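Visitor: I would like to learn how to read a structure like this one. Could you walk me through a few features?

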Amino acid sequence: MKRGLLIDYYYCTGCKSCEVACAIENGIPVGQFGIKVEQVGPWEYEPDKWQLSYIPVPTEQCNLCEQRVEVGKQPSCVHNCQADAMRYGTVAELVEYMGDNTRQVLFVPETDKDAEDVVRTFGQPVKEVKRENPAVTEKETEKEGNAMGLSMESTIGDVIDAGAVSELFEKHFPGLLADPNLQNGAMLKFGTFVQFPQAAEKGITEETLSAFFTEANAL
Ligand code: SF4
Ligand code: SF4
């Protein structure tokens, strides 16, 4: 499954933190970039209407921060964007997350063109939990190399209201929802996909996640 970066440049302030963070993380020399923030404008195209956008453009040197996602971290650019303008994930997740919003671009690096059809969000092997009809059946599929379940695919986002999930999350991971340092929010939902950014750093383990999902799926 191909992975990529979703860049919601509507929120990009042009601060260039992503450029710097990427260069430091990946040892990119001065004058080269793994991601480059381009400025388009300003110009006035109608009375009182101005074009001015900042658009971060990943380059051929972007490898999606494999060394970070393999250990459960967000790519450096995503982690360091104060405007929360970037998302990392599989293309399917990101397309779903895009919704109807405007001013977004989706980047898939060359390195992922032959990616195997394996769910590896944040570089973590995941346990896939699918329920075609959540009221009747539940099918669990062990994915190759399933060692940690820091990201899981589930239908709970479809069948359980956010409030109930939040309560359950608070029960299993007390205080985490209120943690302002939890990148991109405590729990992101990509329709049927639930992610736990920085799970490893926050002490979320396969065991605690499994307990959470067991109760969530029983709601
Ligand atoms: S860090 Fe975020 S806000 Fe700053 S330039 Fe990069 S994408 Fe834009
Ligand atoms: S994913 Fe990593 S390598 Fe790619 S642009 Fe972001 S920081 Fe640079």
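Guide: Let's start at ligand 1: α1 and β3 each supply at least two residues of the shell around it. Helices (H or I, at least four residues) and strands (E, at least two) are DSSP runs, numbered from the N terminus. This is a predicted model, where local features need pLDDT of at least 70, side-chain atom pairs count only at pLDDT 80 or more, and totals for chains, interfaces and linings use all residues. Residues are numbered from 1 along each chain as its sequence is written, while chains are lettered from A and ligands numbered from 1 in the order in which they are written.

Visitor: Which residues come nearest to ligand 1?

Guide: A residue is near a molecule if its C-beta atom, placed from the backbone, lies within 6 Å of it. Of the 14 residues around ligand 1, the nearest are Cys12, Cys15, Cys18, Cys81 and Ala83.

Visitor: Which residues of helix α1 are buried?

Guide: Buried means 20 or more other C-beta atoms within 10 Å of a residue's own, exposed means 12 or fewer, and partly exposed is in between, with C-beta atoms placed from the backbone. In α1 (residues 17-26), the buried ones are Cys18, Ala21, Cys22 and Asn26. They lie on the same side of α1, because they cover an arc of only 105° around the axis, taken from the directions from the helix axis to the C-beta atoms.

Visitor: Is glutamate 60 buried or exposed?

Guide: Glutamate 60 is exposed, because it has 10 other C-beta atoms within 10 Å. This glutamate sits in the loop between β3 and α2 (66-69).
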